[in-house]
Amino acid sequence: MRAPLSFTYGNCVFGARASDAWAVFAVEPSSYQWLGDDGKRARMLALLGALEAIEADVQILRVAGRSRPASPGGLLAGEHTSASRAYMHAHDRRLAELGPARPEVFVAVSLNEPERDVATYLSQLAERGPSELWQTLREAFATRDHRILPASELERVRVRADRAHARLAEFVPAREARSVELQWLVRRTFCRGVGEPDVDGLHEPRALVFERNGEAVLSPLETDVMRWCDCVVEHRARCLRIEAEGGTSWQAQLVLGALPARTRFPGARAELMFAPPESLPFAIDLSLNARFLPNELALRIARKRVQDADQIFRAEADGEQGASDLGYERTQEARDLLAHLQASSRPPLLRATLAIAVGAADERELERRVEACRRAYGEIRLHRPLGGQLELFVQHLPGQRTRIAGYDDTLTTEQVAAMMPTAAHAVGSERGFYLGHTLTGSRRPVRFNLREGSDSDRNATILSVGALGSGKTTLAQKLKYEGFLAGARVVDCDPKGDHRFHLLADVAPHVDSLTLRPDPSLRGMLDPLRVAPAHLRQDAAVSFLRDLLPGRADPAWETAVVAAVDRVIARSADPTCLQVVSALRDGGGVDEQVARALEVYARSGLTQLGFADPDVTPPRVGARRVTYMPIRDLPGPEPGTPRSEYSQAERIGDQLVRLIAMFAMRLMGSERDRLKLFSFDEGWRLLGDPAGRGLLTALQRMGRSELAVPIISTQLVSDTLIGERESLENLIGATFVFGMRSDAEARRALALLGLDGDDRQARQALLELDAGRCLFRDHHGRIEAVQVDLVVPELLRAFSTTPART
Amino acid sequence: MSVEIRSYRRVFDLERRIYRIDRLRLNPSGVPVRGVVYFAAVLAAVTVGARLPGVGALAGPVPWYVRNVALPGLLAAALAVVRIDGRPFHVAARAIVRFRCSSRRLVGLRVERRHAVELWPPPQLPMIPDGSDPRIRRFRYVGPGAVRIDVAHARSAARGTLATLRVRAHVAVRHRAGDGAARAEVIVLDRGVRVRVR
């Protein structure tokens, strides 16, 4: 067999002949599953546009992705116990089990003119100028050795590659493939099923960029030679046995048979380069090798086919049985094809094969995987040609045309674009702790970086929504634990008392526990004039004291409170709410009445925490990295109750929640460069009204500038939240939506994610989510269904809030 | 709302058939041209085989209408219908014959009998760098143009007659080890100015 590749130059590969040059581009795969129909159609149209704009033979490679090197072990900070080291080892093991996070997609574009018939060739010749014609003749009759390419010719190839890039990049996010990526792409074809080749510098950025303008000349002065010393391919009847870098690779090459006559897009039957591979628990590689048939040529072919179909129809009609249904339908289809090609967009056709490569470490596993592939493709047959395995194997190398006869099909650009080769289940962070895996057959690992919002200048707040027992608290505790391992300061507010993070063996020595309860020794812990940020102090104090007043209070009472707070702030170096009460008591008249009303709250219940007493020194907190604050007897309304219907106790509860948030902000404000996490359940209390959202906005600003990450959990997706969704867009970074228990809640949850609440299938999916499964919207707006995965069973038991069975 | 994606395979997958010879109408669905070719090939093989010693003796007693009409006709009809691995018979047969013939390659003067194998040692592949590697490689670049260097390096500009006469590169760039992340620098070159990277 002739060498399929003669050499490569940058992102250009040269086939068996040096004149057969291809440019290879890497295309970023993107999240697709949870896009609406409009979004999916837009993606298809972009691919379609790219295929039509290329105007050359094309090869689309979708291969199992590279393993990313970002081991979470590098995220640990400081001294850690054996428990945390065990956690990191469990992480690494699970990531190794799951494999790559997403596929890699490469598009190779031929830099030669596509196939033409004689008529088109002559027409194009007639359009050329004399100098171009002379150049063509000189090249055709040149006597030099065509295996030798001068540097200027290499430069012309690079310029042509640039033009191809420009055409492609107008429609899809494509960049030039790097030399190391081409090396990886070629070497990994021999290692399928047994691992990945070790390529130096694969994950490092490039060192040099040379401008290409058609005038400058780049002359490489050295080259690398890839040698396959130990790599021999045994071509067996229906498989290949390859002695590869990582072991013995057994590979089977399959090729797609006839496609269905009609399919619907979006739909798994049309998305042949996305849905079936993603449903499999092992990786497969796909190569679509297509010859470009320009519209003029396609039209001539179509007209000939119309004549052929008509001829067959007439011949059948002359017989005694008359024309067959197939004969009649074929005439109609041929005319439909002609009409399609005569559309204003003048679309081309593609004569293509879709080849699938399956690899395994042993023959038995290979057969099992081949059968799984066949099931994944359903009604579409996958052929495994006897004696054609080597040709198909070579077809998967970059810059190759179809090598095997008998399987090419003439496809429209819609058919190829609808295969969605660039679709993926891409969600989460490039680096970070292992969060879980996608709920697909491929089980793609998903990472999550707590610093992603700050690092990428996006919203840092993490919102977690779901019914009771759906996994919100478990997730929050997992994030807090991982933040702790990364050296973060953690402030954990626990209104329900079901958190266990602070009890973990390696966390407990670093915990300050402060139970917020009606205790005189805690008086003043939450005094708004002490805990609120300076610019919010006055409003926070007025709001707190006003909500303590009876609901039927005279408006003059509010005025008195405002004036007293003003006076105290102006006069005192260390103002407190108790001083405000004293100031009111000294005022006489209305002021004295107000003071009497407030004194009751200043001395009793949880509200006394808002009145700092000079005789009481509250405990100091914040010296240790973790501050755990359970809250007892916090009054609160039923979720969904309008604020206008709150009782006084419920209004007080709301005030306390805000004061707790301010207290947490003060704790977090001391270390600007350290990651800080603030966890709060019952987040609807903060999200549901403007004052709470104002606090979150302040936390959000801290998030971007001071690495503060609020983690807000809420059971309820209220109408208020949905109504305020636009304002929440500026607050929320990542969102986790766990299982819902009612159709109405599911509808609202989808609206919160920006999805279509009327989508019955999506609502049903939300209702069926088990504990730990969620829809995850990451900082970049990508959405996937994910299983949150605590890799250490002991942690799962520790964090679970579901009562244990006895 | 979903859109319909059509396949026009049936338009392209039509087979040439002969429906009538002059005024003689053949079978309603016609005779595939491929079948006629198969018939001719089988007939030729039978004819040649009948003249070979051994095979000729076996074929001798068979009546001519069986040997030269019925047998080729039946075989041709079967081969026209059968699809091996989804391909027409002649396409699949060509691939199988090529594969079987190639299995005769000797490996260390021994023929691998247990499995039919062909060995293919992949050829060497030269990979010429273009600067996209993570480390500095050796290049010569002649302007007009620009070069961006993203790694730690040392730069020197050549002067004098040799540089003026373009015998020596005008700018030389060398890798410099030991630094951490380097700031990207751009060298803009006029026409004819050369930079040598090593």
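## Close-up views of the A–B pair

**Figure 1. The interface between chain A and chain B.** Together, chain A and chain B bury about 8200 Å², with 55% of that area on carbon and sulfur atoms. Three residues, A:L208, A:L221 and A:E222, supply 9% of the area that chain A buries against chain B, more than any other three residues. Please keep in mind that this is a predicted model. In terms of contacts, 102 residues of chain A touch 69 residues of chain B.

**Figure 2. Polar and charged links across the interface.** Here we turn to the pairs that join the two chains. Between chain A and chain B there are 44 residue pairs in polar contact, both residues being at pLDDT 80 or more. Helix α8 (residues 295–318) of chain A gives the most to the side of chain A that touches chain B, contributing nine residues. Sorted by class, that side of chain A holds 51 nonpolar, 21 polar and 30 charged residues. Side chains of opposite charge can pair when their charged atoms come close. Across this interface, eleven salt bridges are found between chain A and chain B. One of them joins B:R191 to A:E215, whose closest N and O atoms are 2.5 Å apart.

Figure 3. Strand β11 (residues 233–235) of chain A runs antiparallel to strand β8 (residues 118–120) of chain B, and the two pair over three bridges. Within this pairing, A:V233 stands opposite B:W120 in β8(B).

Figure 4. The open sheet has the order β9(A)-β10(B)-β15(B)-β13(B)-β12(B), with mixed pairing among its five strands. At the edges stand β9 (217–220) of chain A and β12 (153–157) of chain B; each has a single partner strand, so one side of each is left without a neighbour in the sheet. From one strand to the next, the twist averages 15°. Inside chain B, strand β13 (residues 171–175) and strand β15 (residues 194–197) pair in the parallel sense over three bridges. B:V173 is found opposite B:V197 in β15(B).

**Figure 5. A salt bridge within chain A.** Over all chains, a search of the whole structure finds 60 salt bridges. Among them is the one where the side chains of A:R291 and A:D57 meet, at 3.5 Å from N to O. This pair links distant parts of the chain, 234 residues apart. A:R291 lies in strand β15 (residues 284–293) of chain A, while A:D57 sits in the loop between α1 (37–54) and β5 (58–63) of chain A.

Definitions and conventions
Residues are numbered from 1 along each chain as its sequence is written. Chains are lettered from A and ligands numbered from 1 in the order in which they are written. This is a predicted model: local features need pLDDT of at least 70, side-chain atom pairs count only at pLDDT 80 or more; totals for chains, interfaces and linings use all residues. Side-chain values use heavy atoms; hydrogens and water are left out. Contact means heavy atoms within 4.5 Å. Buried area is the accessible area (1.4 Å probe) that two parts lose on being put together, summed over both. A salt bridge is a side-chain nitrogen of Lys or Arg within 4 Å of a carboxyl oxygen of Asp or Glu. A polar contact is a pair of N or O atoms within 3.5 Å; within protein, one must be able to donate a hydrogen and the other to accept it, and residues adjacent in sequence count only if both atoms are side-chain atoms. Helices (H or I, at least four residues) and strands (E, at least two) are DSSP runs, numbered from the N terminus. Ala, Val, Leu, Ile, Met, Phe, Trp, Tyr, Cys and Pro count as nonpolar, Asp, Glu, Lys and Arg as charged, and the others, Gly among them, as polar. Two strands pair if DSSP finds at least two bridges between them. Axes are lines fitted to C-alpha atoms, for helices over the stretch in contact, and angles run from 0 to 180 degrees between N-to-C directions.
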